Amino acid sequence: MINFQQLANVPTIKAPFIPELTNYNCCSTEELFAIEQLAYEVKEKASVFLIIGVGGSFLGARAVIDALTPYFRTNNGVEIQYAGHNMSGAYLKQLLTYLNTKEVYVNVISKSGSTMEPALAFRIVKQYMEERYGVEAQRRIIVTTDADKGILKEIADKEGYRQFVVPGDVGGRYSVFTPVGLLPIAVAGIDIGQFVTGARIAGEDFSDSNANNNRAYQYALARFELYKRGYSVELLASFEPRLNKLHEWWKQLFGESEGKEHKGLYPSTVNYSTDLHAIGQFIQEGSRIMFETLIHFEEIEEDISIPYMLGDCDGLNYLADRSMNGINATSKDGVALAHEEGGVPVLKLELPKLDAYHVGYLMMFFMKACVMSAALLGVNPFDQPGVEAYKKKMLQLLKEDVVIANANEGKI
């Protein structure tokens, strides 16, 4: 399903151990049905579905939604908005003003409920929903959190909110195939059955412990070989703007899974052809610190052709009747060739079609590859101690600020 063109002369090696990515399909048939039923309700009663989350709690869903929905809304479907992924007061203030003329449902997503950004956003949005909808707010707020413990779980139980479970053994960056990702994706009108099926098939296709038969492991091994050769940056690239958030999800997946013990490739992203006019010069002739992984979907549903122009004043009639997507694909090949000739190794991931099935397949491919990549580095792909370190330091400073402010105001 993925045509993976591997770097030449990368040796076939055996990984030190074969790690397992468990629960890639965490939703039972009953859970999928419950998600689809709630998504139907939201689509019937709301014009905006507000997702409150940060990192893995929303990046996976946003990646899929952006990849598979129109650039410009042309119908009266549910609009997906986001909060809790930053701490901008201006953003939240303007968001609430925007929501005043919409019918709103809210999905707050956090395993613990203690992560600062979504916790603050939810406190503000909860007050807004209660003031606007009264007792009806209880049905319009949906919580996705731990099954048994945590601040958000306590709030949900106390308020009587409907709940979905974040599986205890699935970290945020691996959670897109759980209710964390599936509820927002379903509300956006995307076929979650096809999305999950793509993941299931990928899980089967990439289960062989022999790297010769496993394209996900081949990708991981190619990355590791380049890392050993001194490359420090992996540049994920594509030629379709709607994949920008998929890039962001990939960046968190690999950065948070591999970046430990002063090891790992730095994950960076570009979207062509836009970024060719910004960073293209450096990629072509700058420091030889990076290699490129290029994603391409062979078929994209919508397209438009170049018209013939009398007089050919812009000199482009030689492209008349060619499709924009076809020109884009040819540009992709030209850029890859130029970068390879300029000393930038290029790995190519090609899939047949940009649809729910293949996006699910690709995301599982990356998850499987990421776990193997971390194994090759000798780090744990499922923890994030550095994240916990900055959370603790940020909380400490906030508490100190409050103490100082209270002292200045004579409250203590």
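Colleague: What is meant by calling the crossing of helix 1 and helix 7 right-handed?

Modeller: In this predicted model, helix 1 and helix 7 cross in the right-handed sense, a name used when the near helix is turned clockwise from the far one by less than a right angle. Local features are taken at pLDDT of at least 70, side-chain atom pairs count only at pLDDT 80 or more, and residues are numbered from 1 along each chain.

Colleague: Why are helix 1 and helix 7 called oblique to each other?

Modeller: Helix 1 (residues 29–45) and helix 7 (residues 179–187) have axes 8 Å apart and pack at an angle of about 40°. Angles under 35 degrees count as roughly parallel, over 145 as roughly antiparallel and 65 to 115 as roughly perpendicular, with the rest oblique, and helix 1 and helix 7 are therefore oblique.

Colleague: How do you know which residues of helix 1 and helix 7 meet?

Modeller: Contact means heavy atoms within 4.5 Å, and on helix 1 the residues that meet helix 7 are L32, I35, L38, A39, V42 and K43, while helix 7 brings P179, L182, L183, A186 and V187. By class, this contact has ten nonpolar, no polar and one charged residues.

Colleague: What makes helix 7 oblique to helix 8?

Modeller: The axes of helix 7 and helix 8 (residues 192–205) cross at roughly 140° and come within 10 Å, and that angle makes helix 7 oblique to helix 8. L182, I185 and A186 of helix 7 touch I192, F195 and V196 of helix 8, a contact with six nonpolar, no polar and no charged residues.

Key: Side-chain values use heavy atoms; hydrogens and water are left out. Axes are lines fitted to C-alpha atoms, for helices over the stretch in contact, and angles run from 0 to 180 degrees between N-to-C directions. Helices (H or I, at least four residues) and strands (E, at least two) are DSSP runs, numbered from the N terminus. Ala, Val, Leu, Ile, Met, Phe, Trp, Tyr, Cys and Pro count as nonpolar, Asp, Glu, Lys and Arg as charged, and the others, Gly among them, as polar.
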